[in-house]
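Let's take a friendly walk through one protein chain. Have the sequence and the 3D view ready as you read.

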Amino acid sequence: MRNDPDIQFLKGVGPKRAQLLASELGVTDISGLIRIYPYRYIDRSSIVPIGSIQSTSAMVQIRAQVISSVLLDKSGSPVDTSGPDIRFNTVSRLSAVVSDGTGQMELVFFKGVKYIWPRLQPGKVFIFFGKPSVYNGRLNMVHPEIDDPSGQEMQGQPSMAGVYPSTERLKNAGITGKVMSRIMMSALEAGLPDVQETLPEYVLKEKGLVPLNYALRNIHFPKDQQALRKAEYRLKFEELFLLQLSLLKQKYVRSRNERGILMPNVGDAFHKCYNSLPYSLTGAQKRVIREIREDMRSGRQMNRLLQGDVGSGKTMVAVLSALIAYGNGYQTCIMAPTEVLARQHYANICKYLEGTGVHVAALTGTTRTAERREVLEDLASGKTGIIVGTHALIEDTVVFRNLGLAIVDEQHRFGVDQRARLWGKAGIAPHILVMTATPIPRTLAMTLYGDLDISVIDEMPPGRIPVQTIQITETQRLSMYKFIKDQIAAGRQAFIVYPMIFENEKVDYKNVERGYEEILQSFPFPPYKVAIVHGQQSDEDKKFNMDAFAAGRADILVSTTVIEVGVDVPNATVMVIESPERFGLSQLHQLRGRVGRGGGASYCILVRGHKVSAESRKRLDLLCSTEDGFVLAEEDMKMRGPGDLEGTQQSGLPIELGLASLSTDGQILADARDYAAHILEQDPDLSSPRNRPLLAEMRKDKYNKLDYSKIS
Ligand code: ADP
Ligand code: MG
């Protein structure tokens, strides 16, 4: 907008309300305000006969006559209204009965009674608008909006009314829905003439989009349903398209500018390891390794996200990639989010690399001083080919001879800064492979990791036995214990996982501790051995307990979600999850993935509360019905929104979407992304005159904060 006045000068705003709108909605100027869209619409053109109201779930509008009205005090007795001075301070509510000939309804008001009472005179007709409910067997409506059917208020009011996001403070300051509508009307009057089209003419034409001006007017005050649909589509497309354009532009710029380490060879170690694998790779593993190999010999830097469900065999892909780097004379570091996982990776990798002559080292927070010195020396001298570790790897004392590949397992546990520091360790950007077991819906991946290349292992190693998932409640606890004892007697092991309760940034471990006590009583030693792992233990205690379970010295591992990622104990066949309703679907799926890893028929038992919400029920039912992580992730996103999705909380969405939704607008997103790629192919810098509006958009702050190039 060329001329963007402060909102305080709008009719009905003023300095005080302007301040409030700024603090509550984050808008200070008109162009910001008109981009606050209604989140739903009420079709005010339809009037419902009271006699036909059946559902109490939707807002309705009735046209009815006041039959009687009465003021009641706290005890429910009528307040005297005969005199000139009504004692409103004793009134607790106003109750009116209205009728439209088809039926009657009670209207109840607790607030603003002083002003409403004189309006609701028996005999008068109004339009009431609100949400019906049933109280004492009677239809009623609490605090409906009241409109005069012939009055000013209805005139000029479009039939579809937008409902805007609001807050308690806004409402208290008198910025009700109606007031907000009025403010928006003046904002549009003042602002629309100056609104500049963000998309080039040819884009509007090719994609069949309405102009921005039209879209903004109709998203706020739709002429009719069709105009609203067109406005919505245009604005959603614009949002997703500009975001994808910025992500893809960064990707193109980087692939042109970022030189990568050229790794033309594969090398003997790779072949040796490959030929002595105890199994043959799945088709998906082979495909992904080919993709990685292509990246590494392209001369450009690899930035690849590897998605593969728990147990899909990502470790082997990591090892073989590391061996390619090794075959070209470069070192690889593999970072895991926890001590336990780093140790486990180290052990596995050493096993895989036996006989290849590659020197593998480990470095974690608990590596002792003398050993640490040696590890660091070997790394600096180049003796070490592959180093596995935790955050300890990014400390300043760690110096590589020539880091060529960085592999990050379960990336969301690492912060942006930490990743950048790792990057800083190499003179020339190392190749980056980020691995995640959290299946991310395609639309979300395109947005969260829009500038990365994505590989997916979508095939499980053969011979996997499906995990049987069941729900039980407290009443079946004893028979579950019996079942676990039978499994232990058959030589198997069991996980029992408790949720951590987060409150005010504090983590409550009482659940797992109480659970541990109970398990100790039900599974007494001897013969039962129970280990416990949770986040409050020292790394050494954790390691001791984990090792005991992994080595089979403990039958049961009681834990919080620290065991969530990666832990591999093939002999464990039972996963008990306490209060599963407290976990997200993706997380439950991850936990379930700890069993069914080769130890025979496996079970996941969800011990849910008696009273769980319908939504939780639906979620748990779905978990019981499928083992496809992508299906579960899609569903999770639909139910809880992308912001809540496992693995995205820390990283967050790169940009806040206003209208578009990653759960429901996947088709628009895919289309917008293809179209953005198409435009960039022809004009990578957006320097042609016809793309000038796009270039201007790309220069805006919100797109420039999206610097992904150094965080992956
Ligand atoms: P992820 O890290 O993807 O969860 P892992 O790499 O830990 O999975 O592999 C899970 C298990 O499957 C390991 O025990 C591994 O040895 C085994 N595995 C991996 N690839 C194959 C394969 N192609 N065939 C059979 N077993 C495999
Ligand atoms: Mg793994």
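I387 touches T332, C333, I334, A361, L363, V375, L379, L393 and F400, leaving out residues up to four places away in sequence; contact here means heavy atoms within 4.5 Å. Together with F241, I387 has the most contacts inside the largest nonpolar core, which has 55 residues. Such a core is a set of buried Ala, Val, Leu, Ile, Met, Phe, Trp, Tyr and Cys residues joined through side-chain atoms within 4.5 Å. Buried means under 20% relative accessible area, exposed over 50%, and partly exposed in between (1.4 Å probe, protein chains only). In soluble globular proteins, nonpolar side chains tend to be buried together.

This is a predicted model: local features need pLDDT of at least 70, side-chain atom pairs count only at pLDDT 80 or more, and totals for chains, interfaces and linings use all residues. Residues are numbered from 1 along each chain as written, chains are lettered from A and ligands numbered from 1 in written order, and side-chain values use heavy atoms, without hydrogens or water.

Next comes the sheet. Seven strands form an open, mixed sheet in the order β6-β7-β4-β3-β2-β5-β8. β6 and β8 each have a single partner strand, so one side of each lacks a neighbour in the sheet. Strands are DSSP runs (E, at least two residues), numbered from the N terminus, and two strands pair if DSSP finds at least two bridges between them. β4 and β7 run parallel and are joined by three bridges; L107 stands opposite M141 in β7.

| Strand | Residues |
|---|---|
| β4 | 104-109 |
| β7 | 138-142 |
| β6 | 132-135 |
| β8 | 145-147 |

Terms used. Helices (H or I, at least four residues) and strands (E, at least two) are DSSP runs, numbered from the N terminus.
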